[in-house]
Amino acid sequence: MNTLLLNDSKIEIEKAAQIIKNGGLVGMPTETVYGLGADALNGCAVAKIFKAKGRPMDNPLIVHISDISEIDRYKLVSSFPEKAKILAERFWPGPLTIIMPKSDRIPVEVSAGLDTVAIRCPSHPVARELIKKAETPIAAPSANLSGSPSPTTALHVMSDLSGRIDAVIDGGVCQVGLESTVITLATEKPRLLRPGGITLEQLQSAIGEVEVDDAVFHKLNENCKPSSPGMKYKHYSPKADVIIVKGNSYIDYVNKNADDKTAALCYTEDIPKLTVKTFDMGSKGDMSQQAHMLFEALRQIDKSTEIKTVYARCPDTDGVGMAVYNRLIRAAGFEVISLEDI
Ligand code: TXA
Ligand code: MG
């Protein structure tokens with residue numbers, strides 16, 4: 001299959017919308033990461049997403065809408081909890097996914113057999129235009145091959161999925177750079193399943209208490225059933241061995257322990273002080289910049305095949321930093337060296 005690379009003009013978005021209507025697959029830009037979209041109400045179309053990505057069928061997808069009113073129009077949920085409404089009104093369009101009880105309009109391919117559905121209204125104008133023109137909600141996971149970092153440019157999507165999908169719309173670099181925050185309101189207490197651009201503090205200020213799922217910071221026990229199936233899969237993991245190094249003497253530690261097969265994934269300010277090859281993960285204290293840069297840095301690390309070990313700075317976990325840490329600790333396979341303990 002020849003994958004079309006489309007620009008973000010009205011005419012090309014219209015072309016992409018036709019592909020969606022015909023049951024095809026389109027890589028689309030969102031403000032978080034690129035998504036791989038199909039008509040969410042067409043189970044056969046959605047099944048193709050799993051094939052193209054090599055994604056396990058038991059991992060459900062997010063349904064993207066262009067306006068909150070489409071939840072009712074397309075009858076996507078069996079109930080729209082009050083707190084979900086508050087969050088949707090406060091943070092949509094934007095990087096927040098809300099899990100709610102699903103209606104029977106949601107194909108089993110989307111929900112992967114669960115009785116809930118994840119819904120998000122992205123803020124990227126191209127994504128919203130595409131959903132409107134396609135006249136259907138769009139189911140979309142991140143547009144990467146399963147196991148590689150989520151794509152933040154159209155080129156990343158092409159490099160993973162060219163030949164396996166119908167088209168990609170180039171809408172520039174994703175602004176947030178990490179996937180959306182996922183919260184479930186299908187449980188008794190609201191629970192954060194995946195941190196992202198909307199922070200825990202923002203969620204709490206809107207609806208009060210929000211639990212943080214264990215899987216956000218910790219490796220799941222083999223036998224335990226995750227609240228979100230995606231959390232049990234290995235993610236974002238470069239071929240090199242990534243180790244998070246926690247503590248103020250990070251620079252000394254890396255310089256002392258490095259050889260020519262070692263690199264550092266570090267703050268911009270660290271670069272002049274390090275004697276090894278470096279990958280910039282953004283400025284210290286600027287968590288939004290770190291979120292924006294992390295996946296590109298992980299892809300660059302993967303391109304440097306001579307590197308075997310990467311010592312990564314341990315990011316601060318407040319605000320959007322929680323999302324950066326959550327993705328990095330997965331890339332590191334939960335391997336952390338705490339210098340204070342040595
Ligand atoms: O920013 C994003 O969320 C991007 C863009 C394209 O919107 N999408 C994305 O999708 O990251 P994906 O499929 O890579 O991640 C969705 C996560 C997975 O971990 C999945 O298991 C979880 O959300 N999820 C989806 N539906 C769920 C449900 N009904 N219950 C629990 N978890 C669910
Ligand atoms: Mg993904």
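The structure is a predicted model, in which local features need pLDDT of at least 70 and side-chain atom pairs count only at pLDDT 80 or more, while totals for chains, interfaces and linings use all residues. Residues are numbered from 1 along each chain as its sequence is written, chains are lettered from A and ligands numbered from 1 in the order in which they are written, and side-chain values use heavy atoms, with hydrogens and water left out.

**Entry 1**

I looked up Cys 266 and found it buried, with a relative accessible area of 0%. Cys 266 lies in strand 13; helices (H or I, at least four residues) and strands (E, at least two) are DSSP runs, numbered from the N terminus. I then listed the contacts of Cys 266, taking contact to be heavy atoms within 4.5 Å. Leaving aside neighbours within four places in sequence, Cys 266 is in contact with residues including Tyr 250, Ile 271, Leu 274, Phe 279, Met 281 and Arg 313. For Tyr 250, which is 16 residues from Cys 266 along the chain, I noted a C-alpha separation of 9.4 Å.

The side chains of Asp 270 and Arg 313 meet in a salt bridge (2.9 Å, N to O), a salt bridge being a side-chain nitrogen of Lys or Arg within 4 Å of a carboxyl oxygen of Asp or Glu. Asp 270 lies in the loop between strand 13 (262-266) and strand 14 (277-280) and Arg 313 in strand 15 (residues 309-313), so this pair ties together parts that are 43 residues apart in sequence. Asp 270 is itself buried, with a relative accessible area of 3%.

**Entry 2: other salt bridges**

Because Glu 135 lies in the loop between helix 6 (125-134) and strand 7 (138-139) and Lys 21 in helix 1 (residues 10-21), the pair ties together parts that are 114 residues apart in sequence. I recorded Glu 135 as exposed at 53% relative accessible area and Lys 21 as partly exposed at 37%.

Lys 239 forms a salt bridge with Asp 302, and here the closest N and O atoms are 3.9 Å apart. This pair links distant parts of the chain, 63 residues apart: Lys 239 is in the loop between strand 11 (211-212) and strand 12 (241-246), and Asp 302 is in helix 10 (residues 287-303). Lys 239 is exposed, with a relative accessible area of 74%. I also noted that Arg 191, Glu 211 and Asp 213 are linked in a network of salt bridges, and that the count by this rule comes to ten salt bridges.

**Entry 3: nonpolar cores**

For the cores I used sets of buried Ala, Val, Leu, Ile, Met, Phe, Trp, Tyr and Cys residues joined through side-chain atoms within 4.5 Å. Of the 51 residues in the largest nonpolar core, Leu 87, Trp 92, Leu 96, Ile 98, Ile 119 and Leu 203 touch the most other members. The elements that each supply at least two residues of this core include strand 3 (35-39), helix 4 (82-91), strand 5 (96-101), strand 6 (116-120) and helix 8 (200-207). Helix 2 gives the most to this core, with five residues.

I took Leu 87 as an example: leaving aside neighbours within four places in sequence, Leu 87 is in contact with Trp 92, Leu 96, Ile 98, Ile 183, Leu 185, Leu 203, Ala 206 and Ile 207. A second, separate core of 30 residues includes Leu 294, Ala 297, Leu 298 and Tyr 325.

**Entry 4: strand 6**

Why is strand 6 described as largely enclosed by the rest of the structure? Five of the five residues of strand 6 are buried, so the description follows from that count. In a regular strand the side chains alternate between the two faces of the sheet. Both faces of strand 6 are covered, with Thr 116, Ala 118 and Arg 120 buried on one side and Val 117 and Ile 119 buried on the other.

I checked the partners of strand 6 next, where two strands pair if DSSP finds at least two bridges between them. Strand 4 (residues 62-64) runs parallel to strand 6 and is joined to strand 6 by three bridges, and His 64 stands opposite Arg 120. Strand 5 pairs with strand 6 in the antiparallel sense over five bridges, and in strand 6 the residue opposite Ile 98 is Ile 119.

Technical notes. Buried means under 20% relative accessible area, exposed over 50%, partly exposed in between (1.4 Å probe, protein chains only).
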